[in-house]
Every structure is written in C-alpha cells, then in structure tokens.
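Let's take a walk through this structure together. Have a look at the sequence and the 3D view, then read on.

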Amino acid sequence: MEKTLINPWHWQDQLGYAQAVEVTQAHHTLYCAGQAAMDANGTPVEADMAGQLRAALDNVEAVLTTAGYNWSHVVRLNYFTTSIADFFPQYGAVVNRLAQHQCRAASTLVEVKALAFPNLLVEIEVTAAK
C-alpha cells in the first residue's frame, strides 16, 4: 500500500493531521466503529477529558491490533466530543501519541450534544488501510 498526504497548506502540520490521504494499492480496509472510554465490560470509564481521550485511543489501538493493523495504517480519524473547549487543551497528548506511531490521517472534529452514554465526552472513529 502507498499513502500520499495531500496538504495544500502547512497550518495543519502542527495539529498532526493531513487535509487528505490518498491510498493506492491497498488490499484491505478496516472501518472501525466509534471508540469511546468504555471498559472491557462495556461500562463507561469515569474520567475527565484527558482520561477519556487516553481510554478511547487505547480502545482504538486494541481494535486495530486485534484486526492485524497498527496506527501507521490509519488514514482517517474522526473525533466527536461534547465540548471542543475541553477537547483542545488535551489535544497535544493526542498529537504526541499519533506522532510516536507516525500516524498522520485526514481528520474531522465535531462537537455533538451528547454521545451514547451520558458521561461520555469523546468518541473516535477510525478508517485504516493496508
């Protein structure tokens, strides 16, 4: 598989994502359901935004690993949060984690009124290709 980042500008570089990712010669594509701060029993994790982001990223990683993928295969990351104001101060940790795995994906951030469970603050949706 070959990935080409499409960035007509440079401002997104400091935020750790690409405006678009072109994938050629991919043989497999993985579409992941949104991953939130849920434990192995399906119970929401009681944590602040930073803790929920870590837990959601851990869950994304668990799904990727179980399917035989890793962060370098991720081409799209969508973030849904109940508070962009609370999300952005924690986003540096997300950028650092993705950079550790050389993950630069097309990305969208959306503020929503609520997520599936009342205490959830963030959900992450991923598409990966290899």
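## Who touches Glu123?

Leaving aside residues up to four places away in sequence, Glu123 is in contact with Gly34, Gln35, Ala36, Asn78, Tyr79, Phe80 and Leu115. Keep in mind that this is a predicted model. Glu123 itself sits in strand β7, which runs over residues 122–129.

Which opposite charge is nearest to Glu123? That would be the side chain of Arg76, and it is 14 Å away. Glu123 is buried, yet it has no salt bridge.

## Helix α1

Now try a quick check on helix α1, residues 49–66. With 18 residues at 1.5 Å each, the helix should span 26 Å, and its end C-alpha atoms are 25 Å apart, so the two agree. After α1 comes Gly68, with a positive phi near 85°.

In soluble globular proteins, nonpolar side chains tend to be buried together. Here, the largest nonpolar core has 25 residues, and Leu64, Trp71, Val74, Leu77, Tyr79, Ile124 and Val126 have the most contacts inside it. Two or more residues each come from α1, β5, α3 and β7, and α1 gives the most, with 6 residues.

Zoom in on Trp71: not counting residues up to four places away in sequence, its contacts include Leu57, Val60, Leu64 and Leu77.

How values were computed
Residues are numbered from 1 along each chain as its sequence is written. This is a predicted model: local features need pLDDT of at least 70, side-chain atom pairs count only at pLDDT 80 or more; totals for chains, interfaces and linings use all residues. Side-chain values use heavy atoms; hydrogens and water are left out. Helices (H or I, at least four residues) and strands (E, at least two) are DSSP runs, numbered from the N terminus. Buried means under 20% relative accessible area, exposed over 50%, partly exposed in between (1.4 Å probe, protein chains only). Lys and Arg count as positive and Asp and Glu as negative; His and the chain ends are not counted. A salt bridge is a side-chain nitrogen of Lys or Arg within 4 Å of a carboxyl oxygen of Asp or Glu. Contact means heavy atoms within 4.5 Å. The expected span of a helix is 1.5 Å times one less than its number of residues. A nonpolar core is a set of buried Ala, Val, Leu, Ile, Met, Phe, Trp, Tyr and Cys residues joined through side-chain atoms within 4.5 Å.
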